[in-house]
Each structure stands twice: as C-alpha cells, then as structure tokens.
Amino acid sequence: MHICLPRPAVHRLIRAVLLLLCFVAVPTAVAQTVDSTLVGRFQLADSYLRAGQYDRAISLFEDLYAASPGTQVFYAKLMQAYEGVKRYDDAIALVDRQLQEMRTPMLLSEKARLLYQKGDEAQAFSTWDEAIAEAPENQHVYRAVYQTLAAVRVYDRAIEVLERGRERLGEPDLFQTDLATLYSMTGRHEQAMTEYLGLLAGDERQFSFVRSRLSRYLEQQGALVAAIAATERGVRQQPLNRSFRELLAWLYLEAGQYHEALDANRAIDRLEQENGRVLFAFAQRAADAEAYDVALDALKEIRERYPEAASAPEALFGLADMHERWAEQTHERAVNERNRRVKAPHYEAALESYRAFLQEYPGHAYYPEALRRIGRLQQDVFFELGEAEATLQEVVARYPNTAAADQANYDLG
C-alpha cells in the first residue's frame with residue numbers, strides 16, 4: 001500500500017513500521033497493515049513516551065495495540081510504557097495475551113523477568129524453567145533465558161542456565177563469551193580466564209577481542225592475579241600456542257612484572273623465529289612504561305642474538321635513545337655546578353651507542369638523526385660547544401632538506 005503524506009518524518013516512520021512488520025515475528029500469519037491514522041497516533045504516543053508522559057502514552061498505545069495486536073512495535077512500546085511506571089501486572093497481562101496467540105520460550109522469559117521485577121521471585125524462576133522446558137535442545141532458548149536473568153542482575157542463576165545448556169547440548173565450548181563475562185562480573189576470575197583461553201584455543205584471531213574484554217575487569221580485586229595464574233597454566237598446557245603467550249606477556253605488563261614480560265616475549269620471538277621483531281616491539285612498550293632496564297635488556301639481546309636481522313640497526317639506535325631517556329628521567333648531569341665534568345653513565349652510554357651506530361650503519365636512514373643527537377648531547381649535556389657546532393653543521397651540510405637538518409639548524413640557533 002502506498003501512503004501519501006506531506007511530511008518526510010511521517011514517511012520515515014511509516015517505513016520503519018513496515019520494516020518492523022517484515023522482520024519481527026508476529027502472532028498472526030497474515031501480514032498486518034498500518035493506515036495513516038494509526039501512524040499519526042503512534043507518532044504522538046511515542047513523543048509522549050520520550051517526554052516521560054507515560055499515562056498519556058499508555059492510553060494511546062493501548063488503543064493502538066487493541067486496533068492492531070499483531071503489530072510488534074505497538075506491543076513493544078506499550079510494554080515499555082508499562083514498565084516505565086512499574087505497572088507490572090498490566091505488563092504481565094500483555095505478555096499473557098501474546099502467549100495465547102503464540103507460546104514461545106522468548107515470551108515466557110519476558111514474563112519471568114516481569115514477575116521478578118514485580119517481586120514474585122518463586123513464580124519468576126518457575127517460569128524461566130518453563131521457558132527452557134519448551135525447547136531444551138535449542139541453544140537460543142538458553143541464551144534468551146540468560147539474557148533476561150542478566151537484565152535483572154540475577155547473574156548466578158544466569159550462569160547456571162548457560163552451564164545447564166552446555167551440559168544438556170553436550171557442547172563444552174558453547175556460550176564461552178557469555179560465561180566469561182558473567183564469571184568476571186561475579187568475581188570468578190579464574191573461571192572467566194579459562195573461558196577466554198578456550199575462545200583463543202579455538203581461534204587465535206580473537207586475541208584483540210579477549211584483551212579488550214579483560215581490560216574492563218582487571219582492576220577488580222584479585223582479577224589480574226587470577227588471570228595471570230590461569231594463563232600461566234594455559235601456556236604450560238599448550239606451550240606452542242602463540243596467543244596464550246602474547247596474552248600472558250600483556251598481563252605481565254599490566255601487572256608491572258616487566259622481567260616476566262620480557263621472558264614471555266623472548267619465548268615468542270624464539271618459538272616463532274621472529275628474529276628480534278617481537279623483542280623490539282616489547283622494548284618500546286617497556287620504555288613507554290619507563291622500565292628502561294628491561295627495555296635495554298631486550299635491545300641488547302637483539303644485538304647479540306640477531307646481529308644480521310633487519311631490526312638490528314633500530315635496536316642499536318634504540319639502545320642510545322633508551323639510555324638518553326633514562327638519563328633524563330633520573331635528571332642525570334655530566335657537568336656539575338662548578339662546571340666540572342662528572343660521571344654520567346647513561347648519557348655516556350647514549351653517546352657511545354650513537355657513535356657505534358654511525359660506524360656500523362653509515363647508509364641507514366637514521367644516520368642523520370643519530371649524528372644530530374650526538375651534536376645535541378655535546379651541546380646541551382657535555383657543553384662541548386665547539387664539537388657540537390661542528391657536528392650540527394655537518395648535519396646541515398650533508399643532509400639538507402631533512403627533518404634532522406631542520407632540527408640541527410634550530411639547535412645551532
């Protein structure tokens with residue numbers, strides 16, 4: 001049926017209603033039609049509902065539902081309005097009317113939720129069991145029941161329902177994400193971690209998803225310790241599972257256990273033959289957390305174990321940068337108040353590493369920047385102003401039109 005109405009908003013509303021009619025199951029086999037009068041009244045009722053004027057909205061929605069009980073959007077909005085003013089008896093009666101037309105586990109679950117909100121817990125739990133009994137071999141039924149239980153925060157019972165469904169259907173990997181979330185919400189962190197590890201065991205591509213989910217709960221008391229313990233156990237059981245090791249490395253970082261995180265990343269690098277790539281990425285993360293000693297250990301290992309790897313030049317440059325950052329963090333000085341040279345181990349190590357980089361990798365893209373950094377250290381740390389000027393001028397002369405030359409010009413100024 002084509003409806004010609006003057007306002008674009010009404011046209012959009014009609015299309016939305018008709019789409020709902022197409023895609024939402026209704027208790028009649030015959031497609032329902034919605035005339036322009038009903039649409040206009042629906043629009044008014046919905047505006048009352050959004051404004052919190054529930055009594056006005058209810059009066060209109062009751063008339064709309066009576067005129068077209070098979071229109072799902074009228075049912076849903078009337079239910080929303082009843083719940084808005086806690087008229088649970090009316091809401092339950094509305095569900096019962098739907099059940100008379102078509103008895104489904106989903107409607108029974110909805111009725112159970114309303115009974116629970118009304119305060120009739122015994123009848124609510126009985127109705128939830130009744131919903132499962134309607135189709136005990138259908139996993140979607142267990143999910144529907146669990147969702148309505150979770151909606152009223154009956155988390156322990158929701159867990160029982162999913163565990164029962166898993167056992168009844170004989171599928172131990174069913175509902176992993178849902179159970180993991182519920183276990184975390186109820187403080188059962190090791191059980192949650194077991195579910196997440198099971199998810200990763202089935203598909204390592206779920207790593208980012210698992211880490212994102214875990215991030216929400218790690219601040220709970222005992223959550224991080226329990227997660228680490230469960231993941232360590234998972235690594236022992238499946239030592240070749242890279243996602244397990246990556247998750248463990250990340251958890252160690254979250255706990256500030258940087259040496260353990262280095263060990264975990266070292267194992268990944270060796271097992272996966274990454275030739276230092278994993279260690280280099282870890283060194284950057286450790287440095288960002290100001291764990292400079294651990295970052296240096298990772299970079300040194302790249303230099304020693306993978307001297308011919310593509311990451312070796314960056315590791316040497318990173319060593320210099322790491323010493324420099326560590327010196328800045330500890331407010332190290334190479335010249336004291338009396339203008340006398342004193343020991344500055346990190347600045348000295350940085351200068352030595354930059355010079356080693358120039359010698360070993362004269363054609364590398366980082367060469368101009370390494371040279372500029374030497375000049376800046378000579379200028380700002382060691383106060384060797386003549387040497388600094390010569391070094392910075394070399395950068396400008398040999399590498400014009402580069403970021404290093406621009407910065408060197410600034411340093412000279």
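**Ground rules.** I am working from a predicted model, where local features need pLDDT of at least 70, side-chain atom pairs count only at pLDDT 80 or more, and totals for chains, interfaces and linings use all residues. Residues are numbered from 1 along each chain as its sequence is written, and side-chain values use heavy atoms, with hydrogens and water left out.

**Entry 1, helix α8.** I took helices as DSSP runs of H or I with at least four residues, numbered from the N terminus. Helix α8 covers residues 139-151, 13 residues in total. I read 19 Å from its first C-alpha to its last, close to the expected 18 Å. That expected span is 1.5 Å times one less than the number of residues.

I then looked up burial (buried is under 20% relative accessible area, exposed over 50%, partly exposed in between; 1.4 Å probe, protein chains only). In α8, the buried residues are V141, Y142, A144, V145, Y146, T148 and L149. Their cover includes α6 (105-118), α7 (121-134), α9 (155-169) and α10 (176-185).

I checked both ends. N138 caps the N-terminal end of α8, with a side-chain oxygen 2.8 Å from the backbone nitrogen of H140. After α8 comes R153, with a positive phi near 65°.

I found V152 in the loop between α8 and α9. V152 counts as buried because its relative accessibility is 15%. Which residues does V152 contact, leaving aside neighbours within four places in sequence? I list R113, Y116, Q117 and W128 (contact means heavy atoms within 4.5 Å). V152 and R113 sit 39 residues apart in sequence, yet 7.1 Å apart C-alpha to C-alpha.

I compared helix α14 (residues 242-254) with helix α15 (residues 258-271). Their axes come within 8 Å and cross at roughly 160°. Axes are lines fitted to C-alpha atoms over the stretch in contact, and angles run from 0 to 180 degrees between N-to-C directions. The crossing angle therefore makes α14 roughly antiparallel to α15 (over 145 degrees).

I noted the residues that make the contact. From α14 they are R242, R245, E246, A249, Y252 and L253. From α15 they are Y258, E260, A261, A264, N265, A267, I268 and L271.

I located D321 in helix α18 (residues 312-329). Is D321 buried or exposed? D321 is buried, with a relative accessible area of 18%. Not counting residues up to four places away in sequence, D321 touches Y354 and R373.

Terms used
Helices (H or I, at least four residues) and strands (E, at least two) are DSSP runs, numbered from the N terminus. A polar contact is a pair of N or O atoms within 3.5 Å; within protein, one must be able to donate a hydrogen and the other to accept it, and residues adjacent in sequence count only if both atoms are side-chain atoms. Angles under 35 degrees count as roughly parallel, over 145 as roughly antiparallel, 65 to 115 as roughly perpendicular and the rest as oblique.
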